[in-house]
Amino acid sequence: MKKKYTIVTYGCQMNEHDSEKISWLLENLGYEWTDNKEDSDFIVYNTCLVRENAELKVYGQLGALKDLKRRKPELILAVCGCMMQREEARNVILEKYKHVDIIFGTNNIHKLPILIDRHKQTNETVVDIIEDTRDIDDNIEANRKYSFKAFVNIMYGCNNFCTYCIVPYTRGRERSREPESIIKEIEQLASEGYKEIMLLGQNVNSYGKTFDYKYTFADLLKDVNKIDGIERIRFMTSHPKDLSDELINAMANLDKVCEQLHLPVQSGSNRILKAMNRKYTREDYLLLIEKLRKAIPDIAITTDIIVGFPGETEEDFQETLDLVKKVKYDSAFTFLYSTREGTIAARMENQVPDEIKKERFQRLLDIIYPIFLEKNQKYLNKTVEVLVEEVSKNNDEILSGRTRTGKLVHFKGTKDLIGKFVNVNIDAAKTFTLEGYLV
Ligand code: SAH
Ligand code: SF4
Ligand code: F3S
């Protein structure tokens with residue numbers, strides 16, 4: 001009988017993709033996937049630290065596993081991801097969760113087989129962390145969730161130091177992956193039948209800045225656009241400060257680059273943007289939106305917004321409300337500001353009380369949800385191209401997939417359509433999804 005493993009993943013697409021790599025490594029060691037922790041011989045927690053609730057969930061889950069580990073001492077428990085890149089979090093694990101066997105980080109995933117060996121030989125908790133993103137092995141394969149769309153890392157780390165954000169302290173210094181290596185990976189994916197590529201980086205617009213030759217993110221998009229078999233190209237995340245005209249032109253002119261952009265604004269107040277170290281003003285941002293809509297008329301724009309950054313006044317918040325009304329986002333991730341130890345904002349005075357944060361958060365949702373609906377209603381009675389992704393969990397006659405603009409569409413169909421492009425006529429629009437029928 002094969003030994004079984006499971007991976008619990010928190011956080012962003014970087015972590016999701018890292019888990020796909022960990023899965024590949026474990027299957028090469030002979031492990032087989034299970035959804036059930038009780039059945040597992042190897043459990044991995046791939047952690048996130050971006051907000052406090054992400055962190056607390058991991059401690060809760062690890063605590064709950066103490067009993068399983070007692071009953072099944074041969075079970076190997078590993079914790080990795082962004083939390084483990086922070087010494088404070090590692091120390092909590094080493095002191096309070098002694099049943100954890102292996103601790104590793106975001107930059108040394110390739111070492112997992114060696115760490116497992118070391119643990120088996122010594123039966124001690126093995127800790128291995130590398131700070132330097134230059135040590136990341138670009139060539140580990142991934143056991144991907146889908147067979148038709150794939151994540152591809154194009155850069156690692158972040159140098160922006162937005163004052164609220166812990167990522168630069170976990171993922172380390174920004175490093176762009178060599179274009180040849182990226183292209184080779186995508187050509188391989190295309191030859192295996194993959195159709196959609198999501199290029200991943202914390203700040204893809206600054207791709208190439210660490211090279212000693214000139215090669216920009218727009219150059220990379222042009223090269224990826226040439227790869228036969230790939231039909232859709234997406235990327236995330238874009239930082240407004242680095243969104244160049246060259247990139248907007250590339251997006252407009254390259255047929256495979258989807259009409260979609262995630263452009264986190266964080267706040268609509270210039271005073272708060274400055275305190276966040278975002279390096280753009282609301283005017284800069286609104287100008288970008290104007291340019292994008294002019295160059296790519298059907299573009300869907302989504303964003304991230306933080307409510308209750310230290311010092312945010314009612315006037316600052318009003319500026320955010322005003323900006324979201326002006327931009328009319330297709331969708332947005334909204335967050336209550338969460339204090340992250342070690343960041344500059346954590347040391348700022350005048351932290352906003354929780355009740356005020358929550359009240360503002362609700363007012364923001366009351367404004368943005370109707371905008372999302374209004375945006376989705378524009379699709380009514382139109383035919384859209386959908387890449388079919390999966391069968392609905394609740395009803396096996398219903399499929400779901402995404403438009404080029406990233407909209408989730410539900411429609412009736414059979415599962416042989418998964419991984420294919422179909423045309424769907426939209427006959428209902430909701431706040432977060434569209435519904436339609438095959439044509
Ligand atoms: N590199 C990406 C994503 C970073 S994390 C970017 O720059 O957009 C994703 C989102 O989490 C951020 O855009 C931000 O809105 C949110 N976030 C980061 N730190 C946070 C904090 N301390 N409190 C609340 N939200 C936070
Ligand atoms: Fe965090 Fe800012 Fe870097 Fe994004 S760009 S990961 S928000 S520091
Ligand atoms: Fe979380 Fe790390 Fe991503 S802190 S949001 S998993 S980069």
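A: F161 is partly exposed, with a relative accessible area of 27%. Buried means under 20%, exposed over 50% and partly exposed in between, with a 1.4 Å probe and protein chains only. F161 sits in the loop between β8 and α6. Its phi is near 50°, a positive value in a residue other than glycine.

This is a predicted model: local features need pLDDT of at least 70, side-chain atom pairs count only at pLDDT 80 or more, and totals for chains, interfaces and linings use all residues. Residues are numbered from 1 along each chain as its sequence is written, chains are lettered from A and ligands numbered from 1 in the order in which they are written, and side-chain values use heavy atoms, leaving out hydrogens and water.

F161 is one of the residues around ligand 2. A residue counts as near a molecule if one of its heavy atoms lies within 4 Å of it. By type, this shell holds seven nonpolar residues, three polar and one charged. Ala, Val, Leu, Ile, Met, Phe, Trp, Tyr, Cys and Pro count as nonpolar, Asp, Glu, Lys and Arg as charged, and the others, Gly among them, as polar.

One of its backbone N or O atoms lies 3.0 Å from a nitrogen atom of ligand 1. That is a polar contact, a pair of N or O atoms within 3.5 Å. R51 reaches ligand 1 too: a polar side-chain atom lies 2.9 Å from an oxygen atom of the ligand. For D304, the gap from a polar side-chain atom to a ligand 1 oxygen is 2.6 Å. Taken alone, ligand 1 exposes 540 Å², and the protein buries 90% of that. These areas come from the Shrake-Rupley method with a 1.4 Å probe. Two elements give two or more residues to the shell: β13 (300–307) and β14 (331–336). Helices (H or I, at least four residues) and strands (E, at least two) are DSSP runs, numbered from the N terminus.

Which residues come nearest to ligand 1? Of the 14 around it, they are R51, Q202, Q266, D304 and S338. The shell divides into seven nonpolar, four polar and three charged residues. Domain 2 (146–258) and domain 3 (260–377) both contribute, so ligand 1 lies between them. The domain bounds come from an automatic or database assignment.

Ligand 3 has its own setting. Around it are G11, C12, N15, C48, L49, V50, C82, V167, R171 and Q202. Six of these are nonpolar, three polar and one charged. Domain 1 (4–134) and domain 2 (146–258) both give residues to this shell, so ligand 3 lies between them.

Now back to Y164, this time for its ring. A search of the whole structure finds 15 aromatic pairs. Rings of Phe, Tyr and Trp (its six-membered ring) pair if their centres lie within 6.5 Å; planes under 30 degrees apart are stacked, over 60 edge-to-face, and the rest tilted. Y164 and F309 have ring centres 6.4 Å apart and planes at 85°, so the pair is edge-to-face. The pair links distant parts of the chain, 145 residues apart. Y164 lies in the loop between β8 (155–156) and α6 (167–170), and F309 in the loop between β13 and α12 (314–327). Both residues are buried. Y207 and F211 form another edge-to-face pair, because their ring centres are 5.5 Å apart and their planes are at 90°. Y207 is buried at 2% relative accessible area, and F211 is buried at 12%. With Y213 and Y215, they form one aromatic cluster.

K279 also has a positive phi, near 65°, in a residue other than glycine. This lysine is in the loop between α10 (270–275) and α11 (282–295). At 55% relative accessibility, K279 counts as exposed.

One backbone feature remains. The peptide bond from M236 to T237 is cis, with omega near 10°. T237 lies in the loop between β11 (232–236) and α9 (245–253). T237 is buried, with a relative accessible area of 17%.

Technical notes. A polar contact is a pair of N or O atoms within 3.5 Å; within protein, one must be able to donate a hydrogen and the other to accept it, and residues adjacent in sequence count only if both atoms are side-chain atoms.
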